[in-house]
Amino acid sequence: MKLKSRLLFFSLFLYVTSIAQKYSDKISLDQLGYYPKASKIAVVTDSVSTSEFFIVTADLKDTVYKGLLSETKQSNNSSLKTRIADFSKFQKKGSYAIAIPGLGNSYFFSIANNIHHAVAVASLKGFYYQRVSMPLEKKFAGKWARSAGHPDTAVYVHPSAASDLRPTGTKISSSGGWYDAGDYNKYIVNSGITMGTLFSAYEDFHSYFDTLQTNIPESGNHIPDILNEAIYNLRWMLTMQDPNDGGVYHKCTNAAFDGMVMPGVTKLPRYVVQKGTAASLDFAAVTAQASRIIKHFEEQLPGLADSCLSASLKAWTWAEKNPDSVYDQNAMNKKFEPKISTGAYGDRHFDDEKFWAATELFITTNDASYYKNLEKGFQSLFTLPSWNNVQALGFYSLKRHEKKFSQSVQSDLQIIKNKLTQFADVYVAHISDNAFKTVIGENTKDFIWGSNGVAANESIVLINAYMITKEKKYIDAALSNLNYLMGSNATGYCFVTGIGTKSTMHPHHRQSVADGIVEPVPGLLAGGPNPGRQDHCHYDFVEPETAYSDIDCAYASNEIAINWNAPLVYLANAMEALQYEVGFSK
Ligand code: G3I
Ligand code: 9MR
């Protein structure tokens, strides 16, 4: 070693030992870490007098990289000013921290292949913990084992849902499924986008998922675990259809939210309420998509694919006859008792649900009559999906199956592909201007109730743009939002329970609050920053990208929900599946 570099090494050594063990949560980064050849960015959210940053080994003994912080950047989404530590050039696998003189060192992170495997598996396993009507056994659930939640074997038909053959008070079984979120109810509309997203993850990355196991009771049954998990909820969804007319009940619910108790403790009556157009179309889409996937597992699941398809056709027919049955909870409560005050998921616009259902039926049946329902959708703008806007799910599915379509359909699809990539281009274009170098935050309106679901869904758009164009820039952009969810954000939290060093500890999740276990149920994604703060709880920070409160009161930013976990499953697993193809890992 030359004298000069020996001196540098010595001074760094002294510096590093002097900051030993002092964590700074003002250095935000992906708390799992980075793929060796991917972009690697940490964000400094406090003012510092130095311009240098260092990467130190996990034992804090060696400095392995030195870099310069960027200029200060004012964030568009809060009063924070950031400086970027870009260490993309450093590719050596290992475990490290970022050290910044005057600030301390970051949480430890790794540079490794498969770096997001833990969150990829945990986020999928999170659904197992939401299962309603079966006990969670210790060998699968570990310390979060619990007895079965609501049996839902004798659920009342609410007066809003009464029909001649199923009058008010009729008892039906609507067992199983996942709890929607931190609450104990089951909503078809929100199950719609959730299931569509999980099934799409499987369809897009089936060879990856074929070997991914999550240690659930069905593991090893020759069906991929992502499908085993989704089928648990699918079987519940099938119970939500009135077999007499094909209409689908909006939800299976208590009259009011349960208290913060363990699942199944309360024995209050449960109801299926009003059939609706959104519920029926979402159901038709999910069951049509399920049917073509499950068909490949006919031996293990005899008859299920056919049952799904016939259920789908019946739900579609019901929706054709009832094109504007809005679920308006307030109006319903003026007419019927008991009043229902649980989540509404009340959507008033069904063009997107119709488009999605028609695409899934068209793909599964090859029946051209569904195709004519797509024209309006082809003409409309591409928009980010959410529980009440599922048109993009139809776009994704059409694109995924394009090879099996005729030339004329394929040329129609070009319109969709162009719209999708143009939409993704806007995301890519704004990253450099973002103080956290992420896609989320491109627009302050990203920070709504469930903003973390927005981030994950933005990445799914980008992954689709990559699958269309094979241009790596879209995957780099998609990864930026995964880094965000893992901690590279204005709050400094990793928003997935059980992952990272500083992660969500007190989600608005009844089981996690009531079970007496310090750690929350793992693998669940918190809603994320939401300046709306509709919960009126305490928030230390209230600006768009900082309005996150890790207290169980704060349901508007710290609840978990299946429709946010599902795009995280898609995103984290897609990154794992694509890491070699795109050159992040080798
Ligand atoms: O539709 C309007 C839009 O026109 C307007 O521009 C925008 C401005 O804020 O608001 C939009 O409405 C929002 C609506 O979601 C649709 O996105 C409401 O403000 C917002 O309060 C509403 O939040 C929903 C929340 O329930 C309250 O209803 C969340 O999206 C939804 O994820 C959440 O879901 C709850 C279930 O009800 C119950 N189970 C838990 C679950 C998660 O918290
Ligand atoms: O726990 C409920 C949560 O799942 C919902 O997302 C949220 C909005 O509908 O409502 C929560 O329940 C609260 C209720 O709305 C008002 N009283 C306090 C409840 C939380 O303990």
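# A buried loop residue

Ala490 has a relative accessibility of 15% and therefore counts as buried. Buried here means under 20% relative accessible area, exposed means over 50%, and partly exposed covers what lies in between, with a 1.4 Å probe and protein chains only. Ala490 is located in the loop between helix 15 (472–485) and helix 16. Helices (DSSP H or I runs of at least four residues) and strands (E runs of at least two) are numbered from the N terminus. Leaving out residues up to four places away in sequence, Ala490 touches Leu80, Phe436, Glu545 and Thr546; contact means heavy atoms within 4.5 Å. Between the C-alpha atoms of Ala490 and Thr277 there are 39 Å, and along the chain 213 residues.

# Basis of the model

This is a predicted model, in which local features need pLDDT of at least 70, side-chain atom pairs count only at pLDDT 80 or more, and totals for chains, interfaces and linings use all residues. Residues are numbered from 1 along each chain as its sequence is written, chains are lettered from A and ligands numbered from 1 in the order in which they are written, and side-chain values use heavy atoms, with hydrogens and water left out.

# Domains and cores

The chain is divided into domain 1 (3–111) and domain 2 (133–348), with bounds that come from an automatic or database domain assignment. The centres of the two domains, taken over C-alpha atoms, are 46 Å apart.

The largest nonpolar core has 136 residues, and Leu398, Ile463, Leu485 and Met575 touch the most other members. Such a core is a set of buried Ala, Val, Leu, Ile, Met, Phe, Trp, Tyr and Cys residues joined through side-chain atoms within 4.5 Å. Domain 1 and domain 2 each supply at least three residues to this core. Not counting residues up to four places away in sequence, Leu485 touches Asn452, Ala455, Ala456, Tyr493, Cys494, Phe495, Leu525, Leu568 and Leu571. Another core, of 19 residues, lies apart from the largest one and includes Leu29, Phe53, Ile98 and Ile111. In soluble globular proteins, nonpolar side chains tend to be buried together.

# Helix 4 against helix 18

Helix 4 (residues 188–204) packs with helix 18 (residues 562–578) at an angle of about 10°, and the axes are 8 Å apart. The two helices are therefore roughly parallel. Angles under 35 degrees count as roughly parallel, over 145 as roughly antiparallel, 65 to 115 as roughly perpendicular and the rest as oblique. The axes are lines fitted to C-alpha atoms over the stretch in contact, and angles run from 0 to 180 degrees between N-to-C directions.

Helix 4 contributes Asn190, Ser191, Ile193, Thr194, Thr197, Leu198, Ser200, Ala201 and Asp204 to the contact, and helix 18 contributes Ile562, Asn563, Ala566, Pro567, Val569 and Tyr570. Sorted by class, the contact holds eight nonpolar, six polar and one charged residues. Ala, Val, Leu, Ile, Met, Phe, Trp, Tyr, Cys and Pro count as nonpolar, Asp, Glu, Lys and Arg as charged, and the others, Gly among them, as polar.

Gln289 belongs to helix 7 (residues 277–294) and counts as buried, at 0% relative accessibility. Residues up to four places away in sequence aside, Gln289 touches Gly196, Phe199, Ser200, Glu203, Trp356, Glu360, Thr364, Ser397 and Arg400.

Ser106 sits in the loop between strand 9 (104–105) and strand 10 (109–111), and its relative accessible area of 0% makes it buried. Apart from neighbours within four places in sequence, Ser106 is in contact with Tyr23, Ser24, Ile27, Leu29, Ala97 and Ile98. Ser106 and Asp25 are 81 residues apart along the chain, while their C-alpha atoms are separated by 6.8 Å. Ala120, in helix 2 (residues 117–129), is buried with a relative accessible area of 0%. Neighbours within four places in sequence aside, Ala120 is in contact with Tyr208, Ala572, Asn573 and Glu576.

# Backbone features

Glu337 and Pro338 are joined by a cis peptide bond with omega of about -10°. Pro338 is in the loop between helix 9 (329–335) and helix 10 (351–365).

Lys437 is not a glycine, yet its phi is positive, about 55°. Lys437 is in the loop between helix 13 (407–430) and helix 14 (451–469) and counts as partly exposed, at 22% relative accessibility. Arg533, also a residue other than glycine, has a positive phi near 40°. Arg533 is in the loop between helix 16 (510–514) and helix 17 (555–558), and its relative accessibility of 29% makes it partly exposed.
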